[in-house]
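Please keep the structure open in the viewer while reading.

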Amino acid sequence: MTKPSLPDLLHAAVSAVGGTERPGQVAMAEAVAEAIDDNSHRLIQAGTGTGKSLGYLVPALAHGERVVVATATLALQRQLVERDLPRTVEALHPQLRRRPQFAMLKGRSNYLCLHRLHEGAPQDEEEGLFDQFEAAAPTSKLGQDLLRLRDWADETETGDRDDLTPGVSDKAWSQISVSSRECLGATKCAYGAECFAEAARERAKLADVVVTNHALLAIDAIEGAPVLPQHEVLIVDEAHELVSRVTGVATGELTPGQVNRAVKRAAKLVDEKTADSLQTASESFERVMELALPGRLEEIPEDLGYALMALRDASRNVISAIGSTRDKSVHDEDAVRKQALAAVESVHGVAERIMIGSEYDVVWYERHDRFGATLRVAPLSVSGLLREKLFEDRSVVLTSATLKLGGDFNGVAASMGLSPEGVEGDDVPQWKGLDVGSPFDYPRQGILYVAKHLATPGREGTRGDMMDELAELIEAAGGRTLGLFSSMRGAKAAAEELRGRLDNPILLQGEETLGELIKNFAADPKTCLFGTLSLWQGVDVPGPSCQLVVMDRIPFPRPDDPLMSARQKSVEERGGNGFMSVAATHAALLMAQGAGRLVRATGDKGVVAVLDPRLATARYGSFLRATLPDFWYTTDRDQARRSLAAIDAAAQAEGK
């Protein structure tokens with residue numbers, strides 16, 4: 001039988017999902033097929049509307065090897081598993097003569113734990129599951145959530161938190177889930193045969209395509225014990241997010257509350273002397289943390305060093321003692337022991353990591369008004385880890401709408417441990433970059449307006465001229481505005497000010513769930529939506545409800561961000577340009593994602609307004625602009641207003 005051609009397969013898949021074949025999608029599919037055949041790597045930038053999921057799924061399914069697809073957002077995971085994969089598999093079946101299997105796999109804490117649900121959460125007495133049921137009762141939100149979870153457990157086939165609609169609070173979910181460290185293991189657990197997490201892993205082992213998230217991919221790379229099944233092809237979608245997700249997984253933290261919980265959980269399982277020593281170490285640590293000031297710790301202060309040493313040694317003794325004692329008086333002893341071990345091992349691991357003082361780690365204090373101080377430790381860079389763990393023994397395709405920064409792929413490639421494109425060498429992973437463009441006509445569909453006349457934003461204080469500019473732009477647009485702010489304080493200040501000045505409804509992130517806010521924003525063209533980080537990347541509102549995207553300033557990381565400033569300093573010590581490599585790259589990624597909110601369909605038109613003159617005047621401005629979609633560019637405020645008014649008038653004429 002002759003092998004079906006890639007163009008024929010792609011055509012069948014695109015028809016099945018009711019899409020339109022794009023030249024960029026064809027180019028992408030060919031590049032993915034070539035990478036899989038050569039066992040090489042690709043970085044592929046595919047603009048919004050390219051249809052990139054089919055661009056990689058079709059060649060991957062055609063090849064027949066097992067594929068892992070890792071994405072950053074739940075929305076894309078669901079789209080792949082509920083829409084794209086079922087339709088594509090059916091569409092390709094007549095030509096492939098097989099139906100590839102697919103499955104979703106997440107971390108264990110995303111699945112309901114039947115042991116926890118039925119036996120109760122072995123937590124501190126005041127937090128027990130059934131105490132919560134009795135005390136909270138159906139009158140409180142927590143009580144209602146827990147009762148609903150009980151009912152849902154009898155109906156659900158997956159036990160996956162994301163299949164529960166509407167969702168429940170983190171507090172409620174934590175009562176009926178466990179981390180991988182707390183899990184008893186299928187062979188020891190009375191509910192092992194029915195376990196939802198184990199069932200998901202078994203389905204993944206049998207599947208041809210496994211859809212997972214960046215965090216699980218990071219855990220698989222960092223922890224050594226394989227979580228994902230063996231696979232020949234890895235496709236990382238939303239790849240611009242990968243470095244920050246891996247950094248998050250590789251970050252450890254210690255808080256007095258966390259240490260206290262570990263002490264309480266261990267106390268009932270070890271002798272009094274061992275428990276007292278951990279209690280004393282916990283109290284010393286708490287006293288140090290009460291005085292902690294936010295910022296990076298380039299050297300560990302003496303008092304913190306003593307507290308960490310005491311914590312490390314006491315927790316090590318507790319771990320040994322828990323492992324060698326049995327106490328039949330403790331209800332559900334195995335689960336209590338496992339949870340106590342997990343809590344104490346976490347404390348021991350972070351304390352020891354900070355005490356080792358690796359030059360490749362950054363340590364800092366954070367303070368939160370409500371939760372007090374946290375001690376954190378994170379890797380200075382994850383590029384070495386990614387280079388070693390990601391690109392060996394498999395073909396890797398990294399794709400996103402935003403991978404070229406300042407005009408090339410080398411910046412993103414370097415953050416993942418790759419040498420510049422074209423560099424040869426025995427131990428150098430070989431990769432090629434491809435920009436397949438976008439089906440949108442950006443110069444005709446959008447305008448990039450930079451408010452060059454405004455004052456340069458400072459670190460503190462309100463910007464009266466910026467507020468005036470924002471109000472005038474929103475009035476010209478007739479509402480229809482997505483406001484992207486570099487801080488929550490900035491978003492709140494703008495919402496407060498403009499609610500008093502404009503008739504347009506202004507929604508603010510945090511005042512409702514994100515899903516509800518986006519739904520309300522899309523439903524009423526006169527409405528504006530203001531917010532911060534998750535809005536820069538998480539809003540997909542095609543049509544006339546979003547015709548003005550405003551960025552209040554270039555979103556550089558805060559100068560006092562310990563991890564970013566440490567990374568910047570490290571680049572400078574090696575002779576590089578730390579500002580361009582770290583701060584400008586961070587800003588470029590966010591701005592490209594933010595600007596991408598404007599044009600989501602072929603009929604969309606509008607303006608991206610950046611209320612920061614540095615985009616037009618600073619030397620790095622051209623680097624940032626080269627990362628944005630190729631909109632028509634102007635600094636003429638009257639032109640921007642006239643264009644917005646015309647777009648608004650056209651939408652109103654169409655009754656939108």
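A residue counts as buried under 20% relative accessible area, as exposed over 50%, and as partly exposed in between, with a 1.4 Å probe and protein chains only. The model is predicted: local features need pLDDT of at least 70, side-chain atom pairs count only at pLDDT 80 or more, and totals for chains, interfaces and linings use all residues. Residues are numbered from 1 along each chain as its sequence is written, and side-chain values use heavy atoms, leaving out hydrogens and water.

**First stop: alanine 215**

Please select alanine 215, which is found in helix 10 (residues 214–222). Helices (H or I, at least four residues) and strands (E, at least two) are DSSP runs, numbered from the N terminus. With 32% relative accessibility, alanine 215 counts as partly exposed.

**Second stop: helix pairs**

Two packed helices are described by the angle between their axes and the distance between the axes. Axes here are lines fitted to C-alpha atoms, for helices over the stretch in contact, and angles run from 0 to 180 degrees between N-to-C directions.

Select helix 1 (residues 6–16) and helix 2 (residues 23–38), whose axes come within 11 Å and cross at roughly 125 degrees. Angles under 35 degrees count as roughly parallel, over 145 as roughly antiparallel, 65 to 115 as roughly perpendicular and the rest as oblique. Helix 1 and helix 2 are therefore oblique to each other. Which residues make the contact? Helix 1 contributes Leu6, Leu10 and Val14, while helix 2 contributes Gln25, Val26, Ala29, Glu30 and Ala33. Contact means heavy atoms within 4.5 Å. For classes, Ala, Val, Leu, Ile, Met, Phe, Trp, Tyr, Cys and Pro count as nonpolar, Asp, Glu, Lys and Arg as charged, and the others, Gly among them, as polar. The contact of helix 1 with helix 2 has six nonpolar, one polar and one charged residues.

Next, select helix 19 (residues 464–477) with helix 27 (residues 637–653); their axes come within 7 Å and cross at roughly 30 degrees. That makes helix 19 roughly parallel to helix 27. On helix 19, the contact involves Glu469, Glu472, Leu473, Ala476 and Ala477, and on helix 27 it involves Arg637, Arg641, Leu644, Ala645 and Asp648. By class, the contact of helix 19 with helix 27 holds five nonpolar, no polar and five charged residues.

Then select helix 23 (residues 562–573) and helix 24 (residues 578–595), which pack at an angle of about 150 degrees with their axes 7 Å apart. Met564, Arg567, Gln568, Val571 and Glu572 of helix 23 meet Gly578, Phe579, Ser581, Val582, Ala583 and His586 of helix 24. These residues of the contact of helix 23 with helix 24 divide into five nonpolar, four polar and two charged.

Select aspartate 160, in the loop between helix 7 (141–155) and helix 8 (170–174). Is aspartate 160 buried or exposed? Aspartate 160 is buried, with a relative accessible area of 5%. Leaving aside neighbours within four places in sequence, aspartate 160 is in contact with Lys106, Asn110, Tyr111 and Trp152.

Move to glutamine 258 in helix 12 (residues 256–267). Glutamine 258 is buried, at a relative accessible area of 16%. Not counting residues up to four places away in sequence, glutamine 258 touches Glu253, Ser346 and Val347.

**Fourth stop: backbone geometry**

Most residues other than glycine have a negative phi, and most peptide bonds are trans. Select threonine 165 and proline 166: the peptide bond between them is cis, with omega near -10 degrees. Proline 166 sits in the loop between helix 7 and helix 8.

Asparagine 39 is not a glycine, yet has a positive phi of about 55 degrees. Its place is the loop between helix 2 and strand 1 (41–45), and at 48% relative accessibility asparagine 39 counts as partly exposed. Glutamate 238, also not a glycine, has a positive phi of about 50 degrees. Glutamate 238 lies in the loop between strand 5 (233–236) and helix 11 (242–249), and at 14% relative accessibility glutamate 238 counts as buried.
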